[in-house]
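Please read it alongside the sequence and coordinates.

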Amino acid sequence: MLADFHVHSIYSDGELIPSEIFRRYSVRGYDAVAVTEHIDFSNYEEIEKIKESTENFNGIETFVGAEITHVPVNRIEEIIGRAKDHGAEVIIVHGESPVEPVEAGTNSRALELSDVDILAHPGFVTEEEAYKAKENDIYLEISARSGHCYCNGHVAKVSKETGASVLVNSDAHGPRDLLDEEMEMKIARGAGFSENKAKEIVNENTERFMKRLKR
Ligand SMILES: [Zn+2]
Ligand SMILES: [Zn+2]
């Protein structure tokens, strides 16, 4: 099973409308895709518009999500509630990437909240934090995005040491950023996972994550 659970459309800072993303991944043989816009208190109502698009697209399983971005640590739980009320099916928190300055403490707070599905590009995530990810069944992201990917090797190492699960996502903002299976494998292998482990991440973790979304 192949999927990408972290993609931006024109509803935040991406270049394509949701249907273009769904169609392009459908043609690449993907089973599922989530459009996950940058969300804060100004724009969570936009999720409903994207939901209309996901509900009316055939040929690939589609999800609408939210990437909680630059929300103060003490209000992350509140914005997640609003995003879910407006139809968000996948909750991503924008982690403490080495290249974008979200508030310190975001990783730690996100991993305490079991409504969070993915901690995106978590930078120098600690072992203690990764154990929380494992406990709350939150996936740590191995990112294809330039800059965010600088810490993939570290995230892979911490995941191996703690047993926290990872997913490979594109964090695509335009058509050139969309992935295929070969590129997902390269990203997982490049992060330091063995060939077998990379296959497991790209296919089985994706399948397990899909089941988690539907529970
Ligand atoms: Zn963005
Ligand atoms: Zn993103």
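In this predicted model, local features need pLDDT of at least 70 and side-chain atom pairs count only at pLDDT 80 or more, whereas totals for chains, interfaces and linings use all residues. Residues are numbered from 1 along each chain as its sequence is written, chains are lettered from A and ligands numbered from 1 in the order in which they are written, and side-chain values use heavy atoms, with hydrogens and water left out.

**Zinc site**

- His38 lies in strand S2 (residues 32-39) and His173 in the loop between strand S7 (166-169) and helix H7 (181-190), 135 residues apart; helices (H or I, at least four residues) and strands (E, at least two) are DSSP runs, numbered from the N terminus.
- His38 is buried at a relative accessible area of 18%, and His173 is buried at 10%; buried means under 20% relative accessible area, exposed over 50% and partly exposed in between (1.4 Å probe, protein chains only).
- A distance of 4.8 Å separates the zinc ion (ligand 1) from the zinc ion (ligand 2).

**Aromatic rings**

- There are five aromatic pairs, where rings of Phe, Tyr and Trp (its six-membered ring) pair if their centres lie within 6.5 Å, with planes under 30 degrees apart stacked, over 60 edge-to-face and the rest tilted.
- The ring centres of Phe22 and Phe57 are 5.4 Å apart and their planes stand at 65°, so this pair is edge-to-face.
- Phe22 belongs to helix H1 (residues 18-27), while Phe57 is in the loop between helix H2 (47-55) and strand S3 (61-68); both residues are buried.
- One aromatic cluster is formed by Phe5, Phe63, Tyr139 and Phe209.

**Helix H7**

- Glu184, Met185, Ile187 and Ala188 are the buried residues of H7.
- Viewed down the axis of H7, these residues fall within an arc of 165°, so they line one face of the helix; the arc is that of the directions from the helix axis to the C-beta atoms.
- The face turned away from the buried side of H7 carries the exposed residues Glu182 and Gly190.
- Just after H7, Gly192 adopts a positive phi of about 110°.

Methods
Donors = N, O, S within 2.8 Å, 3.2 Å for Na, K, Ca; no water.
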